[in-house]
Amino acid sequence: MKPITFAIGKGRLVNHTIGLLKEMGIEFPEYHENSRKLIFEDQLSKIRIVLVKASDVAVYVERGAADIGVIGKDTLIESGANVYEVVDLGFGRCRFAVAGLPDTDLNKKRLVVASKYPKVTSQYFSKKDQIVETIQLNGSVELAPLVGLSDCIVDIVETGRTLKDNGLVVLEDICEITARLIVNKASFKTNNQRINDLIQQIEAMVNKVGDLVK
Ligand SMILES: Nc1ncnc2c1ncn2[C@@H]1O[C@H](COP(=O)(O)OP(=O)(O)OP(=O)(O)O)[C@@H](O)[C@H]1O
Ligand SMILES: O=P(O)(O)OC[C@H]1O[C@H](OP(=O)(O)OP(=O)(O)O)[C@H](O)[C@@H]1O
């Protein structure tokens with residue numbers, strides 16, 4: 001029997017995901033945080049996990065190299081991937097916000113916005129009928145308005161500490177974010193029973209564990 005391949009981003013969501021699978025009796029004893037190995041298999045359930053860069057999860061699932069994946073809603077929206085989003089996993093909770101210095105004028109003409117999420121940024125501002133210039137960065141986005149690279153940023157806020165420590169504030173909330181279970185469209189159709197069972201088991205476990213995994 002071919003294993004079901006599960007893509008997980010190496011990073012914030014991996015421990016939650018492996019913990020959730022463990023609760024379901026799916027275990028990867030060889031996995032530990034400092035391991036450099038990228039593939040682990042549970043022989044009993046025939047499920048293997050592949051550890052990829054968080055922003056690549058959608059690529060693996062969309063192209064069928066993985067059947068299933070766990071991805072933040074932020075990264076999923078930004079990817080525009082053609083996959084099924086099947087379960088809200090509840091963990092990895094944070095939000096998207098527009099942030100900047102407290103006196104930022106968001107209505108100014110030619111607003112310049114820095115973000116790791118250019119698609120989310122332009123979608124958000126175009127819904128408000130505002131044309132903005134988006135500068136794509138890969139990290140430390142909070143720096144941009146402090147050194148005059150941009151007027152504001154669109155980024156993830158979790159505890160709010162990064163903003164606070166840099167003298168920035170939330171100017172507008174965009175939306176809530178949690179981790180999502182995504183499925184390759186062809187796998188969903190051809191391997192239907194096993195994939196469906198796994199999705200249902202995960203959904204049941206998320207409901208059962210509830211706040212414990214959040
Ligand atoms: N404070 C936070 N910062 C960033 N992401 C968070 C935070 N809290 C929860 N998340 C969620 O965790 C997901 C994975 O975050 P992680 O840091 O592992 O990946 P990433 O930021 O996309 O990757 P990388 O650090 O490799 O650029 C995010 O997509 C988001 O949904
Ligand atoms: O509200 P907080 O709890 O402070 O979390 C939010 C911060 O965490 C993320 O950055 P990350 O640590 O992924 O680093 P990055 O700058 O490389 O994106 C995000 O981009 C914010 O900078």
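Visitor: By class, how many nonpolar, polar and charged residues does the shell around ligand 1 have?
Guide: Keep in mind that this is a predicted model. Ligand 1 has 14 residues around it, with R12, K53, D74, T75 and E158 the closest. Sorted by class, that shell comes to five nonpolar, four polar and five charged residues.

Visitor: Which side chain has a polar atom 2.6 Å from an oxygen atom of ligand 1?
Guide: Let's go through some contacts. The side chain of R12 has an N or O atom 2.7 Å from an oxygen atom of ligand 1, and E158 puts a polar side-chain atom 2.9 Å from a nitrogen atom of the ligand. The 2.6 Å pair, again with an oxygen atom of ligand 1, belongs to D74.

Visitor: Where does ligand 1 sit?
Guide: Look for a space of about 1300 Å³. Its lining has 47 residues, and R12, D74, K116, Y117 and I156 are the ones nearest its centre. That space, where ligand 1 sits, is the largest pocket.

Visitor: By class, what does the lining of the largest pocket have?
Guide: Several elements each supply at least two residues of this lining, among them strand 1 (4-10), helix 2 (57-62) and helix 3 (73-79). Counted by class, the lining has 18 nonpolar, 17 polar and twelve charged residues.

Visitor: Which element gives the most to the shell around ligand 2?
Guide: Ligand 2 takes up space in the largest pocket too. There are 13 residues around ligand 2, and S140, E142, T159, G160 and T162 come nearest. Strand 9 (152-157) and helix 6 (161-165) each supply at least two residues of that shell. With three residues, the one that gives the most is strand 9.

Visitor: Which residue has a polar side-chain atom 2.4 Å from an oxygen atom of ligand 2?
Guide: R12 turns up again here, with a side-chain N or O atom 3.0 Å from an oxygen atom of ligand 2. G160 uses its backbone instead, placing an N or O atom 2.8 Å from an oxygen atom of the ligand. The 2.4 Å distance goes with the side chain of T162.

Visitor: How much of the area that ligand 2 exposes when taken alone does the protein bury?
Guide: Taken alone, ligand 2 exposes 490 Å². The share of this that the protein buries is 73%.

Conventions:
Residues numbered from 1 in each chain as written. Chains lettered and ligands numbered in written order. Predicted model: local features only at pLDDT ≥ 70, side-chain atom pairs only at ≥ 80, totals over all residues. Heavy atoms only, no water. Near = heavy atom within 4 Å. Polar contact = N/O pair within 3.5 Å; in protein donor to acceptor, adjacent residues only side chain to side chain. Areas by Shrake-Rupley, 256 points an atom, 1.4 Å probe, with all protein chains shown as cover. 1 Å grid on protein atoms, 1.4 Å probe; cavity = no way out; pocket = protein on both sides within 12 Å on 5 of 7 lines; lining within 4 Å. Sits in = over half its atoms within 2 Å of the grid points. Helix = DSSP H or I, 4+ residues; strand = E, 2+ residues; numbered from the N terminus. Points joined across faces, edges and corners; volume = space filled by probe spheres on them. Nonpolar A, V, L, I, M, F, W, Y, C, P; charged D, E, K, R; others polar.
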